[in-house]
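Student: I would like to learn how to read a protein model step by step. Could we take a few features in turn, with the general idea before the case at hand?

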Amino acid sequence: MGVKLLLDKAKVEGIRQYDVYRREGGYRSVEKALKTMSPDAVTEEVKKSGLRGRGGAGFPTGMKWSFLAKPEGVPRHLVCNADESEPGTFKDRFLMEFLPHLLIEGLIVASYALGSNATYIYIRGEYAWITDILEHAIGEAKANGWLGNNILGTGFNCEIYVQRGAGAYICGEETALIESLEGKRGNPRIKPPFPAVKGVWDRPTVVNNVETLAAVVPIINMGGEEYAKIGVGKSTGTKLISACGNINKPGVYEIDMTIPVEEFIYSDEYCGGIANGKRLKACIPGGSSVPILPANLLLKTAKGETRYMNYESLSDGGFATGSMMGSGGFIVLDEDQCVVKNTYTLARFYRHESCGQCSPCREGTGWMEKILKAIESGKGKMSDIDLLWDIQRKIEGNTICPLGDAAAWPVAAAIRHFRDEFEWHVNNPQECLTRNYGLAHYADPIYTPA
Amino acid sequence: MADEKKLFKVTIDNITIEVEPGTTILNAARSIGGEVAPPAMCYYSKLKNSGGKCRTCLVEVAAGSTADPRPMPKLVASCRTTVMDGMIVKNITSERVIDARAGVTEFLLLNHPLDCPICDQAGECHLQDLSYEHGKEGTRFEFQKRTFKKHDLGEYIQLHMTRCILCYRCVFVADQLTQKRAHGILDRGDHSEIATYIEKSLDNDFIGNVIDVCPVGALTDKTFRFKNRVWFTKPVDAHRNCSKCCGEVQLWMRGDEVFRVTARKDEWGEVKDATDGRPGWICNECRFEKKDLKDWTIDGPTKVNRHSVISQGHYVGVQMPKDFLPEVMGGRGPKLLMDIHKVSEVNRPEIELSKIDGPAHGDDFAGAKQ
């Protein structure tokens with residue numbers, strides 16, 4: 001049983017209510033931080049914890065906080081990125097739905113550290129009912145003196161506002177989120193300047209993921225150094241993984257980043273094995289944007305070492321033989337799944353969600369979708385596979401924001417690891433409509449419980 | 001010495017210059033000129049916040065600065081990246097840049113109708129120039145292109161969205177030159193379009209400038225549409241006393257007839273500042289309603305860059321661009337495969353094309369042969 005820091009109280013009856021949450025030890029970190037620590041000491045504690053951003057990029061949170069410009073007389077803002085729209089990722093939803101006070105507690109502490117008197121939660125528009133939950137929780141926190149003016153008599157003022165998005169994936173990109181928050185079209189800004197210098201209304205801003213901010217609570221409660229002892233290497237603390245796909249027990253799991261991928265998939269404590277007794281074919285380990293890995297490379301790295309569920313191990317081997325931790329959306333594909341179809345579905349998503357601002361992403365995503373659709377429906381040509389490779393290569397790295405990369409990586413990885421399946425689709429235009437390619441050489445070693 | 005501003009030294013394609021701090025790489029390259037300047041489809045120096053979107057101006061930064069000489073991992077948009085002291089930039093000397101630029105050109109042409117033969121912009125179209133320089137022959141796109149209906153944006157301007165490359169310049173013009181912007185980007189991704197949402201006309205004295213900033217033929221002048229091809233007309237500098245704008249324009253004439261009036265453009269295709277330093281934007285009255293030669297005082301023929309098709313044939317005042325290749329290639333010139341003058345009957349240096357009356361004709365050369 002791994003350590004649980006975020007979801008340990010998730011099963012407590014009525015934990016959504018303030019009274020229950022407080023009785024279970026909630027808001028202790030606010031008391032500790034505001035009464036005994038200076039804002040810089042809180043930032044220092046987060047730095048010591050080695051906490052990395054949980055939104056996908058894995059940038060060290062403490063460092064991000066220390067980059068925040070602090071000019072005299074200019075208000076600063078903290079924005080919570082709750083625009084969780086990555087296919088396969090639903091950890092923030094779980095956190096906000098069942099533990100709204102944990103997020104608010106983390107937000108108050110982080111606001112104190114950053115000196116933000118007006119803090120925003122930018123929530124995905126489709127999470128309409130969660131908006132209500134959060135607003136109810138904010139009301140409760142305010143009624144009990146955790147928000148508003150002069151919190152705990154320390155002179156620190158903080159308000160939290162919830163802003164709903166309108167259903168655009170691109171608004172999860174921090175500068176697009178800021179534009180949208182300001183009431184403009186959600187186009188990513190051209191960086192520099194970075195939000196830490198010019199963010200919301202040109203004021204210094206920090207944008208953090210929901211899980212990152214929630215993780216601030218255990219860090220303050222137990223101390224940064226204690227927190228850093230959990231996990232391994234630069235992957236400290238616990239991480240929420242939202243597992244889905246062809247597994248027996250889909251859901252949100254909290255892991256401490258020391259368990260092997262194999263254990264995570266097959267252990268009854270987590271995913272519980274592949275559904276219906278099928279075999280593992282491939283997995284997208286960190287949300288739809290990260291490269292897909294075939295079973296043989298997922299369980300063991302190219303060097304033959306065991307692959308673990310943490311930032312370093314999952315990205316071992318670079319993109320050639322590795323993937324990324326990403327946002328923790330763990331999508332498992334069994335032997336009956338078609339990688340071409342899966343790639344087409346993702347390409348369609350990115351085409352639909354591209355903001356249309358810069359040309360490689362706007363035109364390239366649509367082109368890739370059309371080619372993948374042709375291959376999937378048996379109308380592809382052999383040269384299309386190389387063409388797809390060339391298109392993704394020309395999108396990656398040449399766009400304003402990471403959406404271009406996110407659209408290019410899944411296609412690149414699918415061709416890199418599953419080229420034979422693409423070729424089979426081209427060579428068997430009739431057959432591919434009726435049956436799947438199956439496992440082929442990248443089959444997993446058949447799992448035998450130890 | 002203390003109040004003298006320190007200049008930043010920047011090396012672009014092996015040519016080192018000194019520029020003011022805060023200059024973008026693109027503007028530094030433009031001050032060198034020629035092929036060293038990256039192409040820019042969306043950046044417009046006279047419009048604030050423009051640029052960064054088309055990605056044609058991507059360059060490689062081989063060394064960030066003297067203080068931090070690490071190279072930048074990604075190609076950067078030169079129009080939005082400012083120079084640092086000691087920065088080393090590779091533009092046409094970088095294979096990565098050439099490759100990426102070819103990719104961007106292909107992307108821009110993907111859904112472009114390529115209807116140049118019936119497009120009014122042909123001949124002065126930046127996308128034409130770009131695809132001529134960086135495009136491939138043929139297309140690898142085998143699907144139906146996206147199309148839009150044509151829209152009338154009021155009395156004078158027509159929007160042909162199918163040709164648009166979404167550079168956002170016209171949006172910035174409306175934002176920065178007029179009080180209230182009535183058009184913008186609708187939808188997102190590859191189906192986003194410039195629109196007024198509900199068919200509205202754009203009414204503003206300066207809205208005609210969207211035609212001048214449009215790099216392609218998406219926004220065209222309805223008073224000029226299909227009247228003539230630009231390379232048959234001769235640009236002439238002219239001015240008039242206008243209460244609204246600077247009144248300095250280019251008249252595009254054929255014979256004594258004024259076919260079109262535009263603002264004066266500099267060598268980068270951007271509207272030039274007026275001689276008295278005022279912005280060169282012209283008002284709708286000058287642009288659309290003064291098509292009579294009597295309204296104007298002629299200043300003389302416009303200097304035309306050789307790069308433009310307008311200079312083809314028989315025009316006086318053609319400016320030859322400086323040849324940068326030897327400098328960029330470290331003293332080496334391009335290899336001469338064959339001296340065209342030795343083998344061709346047609347292209348003979350002793351014939352002064354500008355002296356021939358009308359377009360050059362086979363007989364002109366036949367006569368010179370004897």
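Student: Which two strands of chain A form a hairpin, and how many residues lie between them?

Tutor: Strands of a sheet pair through backbone hydrogen bonds, and the pairing may be parallel or antiparallel. In this model, which is predicted, strand 8 and strand 9 of chain A make a hairpin with five residues between them. Strand 8 covers residues 239-245 and strand 9 covers residues 251-255, and the two run antiparallel, joined by five bridges. To find the pairing by eye, you can look for Ile241(A), which stands opposite Tyr253(A) of strand 9.

Student: What is the strand order in the open sheet of chain B?

Tutor: The order is 6-7-10, so written for an open sheet of three strands in chain B with antiparallel pairing. Strand 6 (150-153) and strand 10 (219-221) of chain B are at the edges with a single partner strand each, and therefore one side of each has no neighbour in the sheet. On average, neighbouring strands of this sheet are turned by 30° against each other, with direction ignored.

Student: How many bridges pair strand 7 with strand 10 of chain B?

Tutor: Three bridges hold that antiparallel pair, in which strand 7 of chain B spans residues 157-160.

Student: How should I read a helix for burial, and how many residues of helix 8 of chain A are buried?

Tutor: The idea is to count neighbours around each residue, taking a residue as buried if 20 or more other C-beta atoms lie within 10 Å of its own. For helix 8 of chain A, residues 174-181, eight of the eight residues are buried, so this helix is largely enclosed by the rest of the structure. The buried residues include Glu174(A) and Glu179(A) as well as Leu177(A) and Ile178(A). They pack against strand 1 (76-82), strand 2 (116-123), strand 4 (156-164) and strand 5 (205-209) of chain A. Just after helix 8 of chain A comes Gly183(A), with a positive phi of about 95°.

Student: Is Gly199(A) buried or exposed, and what is it in contact with?

Tutor: Gly199(A) belongs to the loop between helix 8 and strand 5 of chain A, and it counts as buried because it has 27 C-beta neighbours inside 10 Å. If its neighbours within four places in sequence are left aside, Gly199(A) is in contact with His77(A), Ile178(A), Pro204(A) and Thr205(A).

Student: What can be said about the overall form of chain A, and what is its radius of gyration?

Tutor: Chain A has 19 helices and 12 strands. Its radius of gyration is 22 Å, close to the 22 Å that the globule rule gives for 450 residues, so chain A is as compact as a globular protein of that length. Along the principal axes, the C-alpha atoms of chain A fill a box of roughly 75 × 50 × 35 Å. Buried residues account for 56% of the 450 residues in chain A. Among contacts in chain A between residues at least 6 apart in sequence, 72% join residues at least 24 apart.

Student: Which domains does the assignment give for chain A?

Tutor: The domain assignment lists domain 1 (18-229), domain 2 (235-334) and domain 3 (339-442) for chain A. The C-alpha centres of domain 1 and domain 3 of chain A lie 36 Å apart, and 10 residues of domain 1 are in contact with eight residues of domain 3. On the side of domain 1 of chain A that touches domain 3, seven residues are nonpolar, two are polar and one is charged.

Student: How many residues does each chain give to the contact between chain A and chain B?

Tutor: The size of an interface is often given as the accessible area lost when the parts come together. Here we can count residues instead, and the contact takes 22 from chain A and 26 from chain B. On the side of chain A, helix 15 (339-353), helix 16 (359-376) and helix 17 (382-395) are the elements that give two or more residues. Helix 16 of chain A gives the largest share, eight residues. By class, this side of chain A has seven nonpolar, nine polar and six charged residues.

Conventions. Residues are numbered from 1 along each chain as its sequence is written. Chains are lettered from A and ligands numbered from 1 in the order in which they are written. This is a predicted model: local features need pLDDT of at least 70, side-chain atom pairs count only at pLDDT 80 or more; totals for chains, interfaces and linings use all residues. Two strands pair if DSSP finds at least two bridges between them. Helices (H or I, at least four residues) and strands (E, at least two) are DSSP runs, numbered from the N terminus. Axes are lines fitted to C-alpha atoms, for helices over the stretch in contact, and angles run from 0 to 180 degrees between N-to-C directions. Two residues are in contact if their C-beta atoms, placed from the backbone, lie within 7 Å. Ala, Val, Leu, Ile, Met, Phe, Trp, Tyr, Cys and Pro count as nonpolar, Asp, Glu, Lys and Arg as charged, and the others, Gly among them, as polar. The radius of gyration is taken over C-alpha atoms; the globule rule is 2.2 Å times the number of residues to the power 0.38. A residue is buried if 20 or more other C-beta atoms lie within 10 Å of its own, exposed if 12 or fewer, and partly exposed in between; C-beta atoms are placed from the backbone. Domain bounds come from an automatic or database domain assignment.
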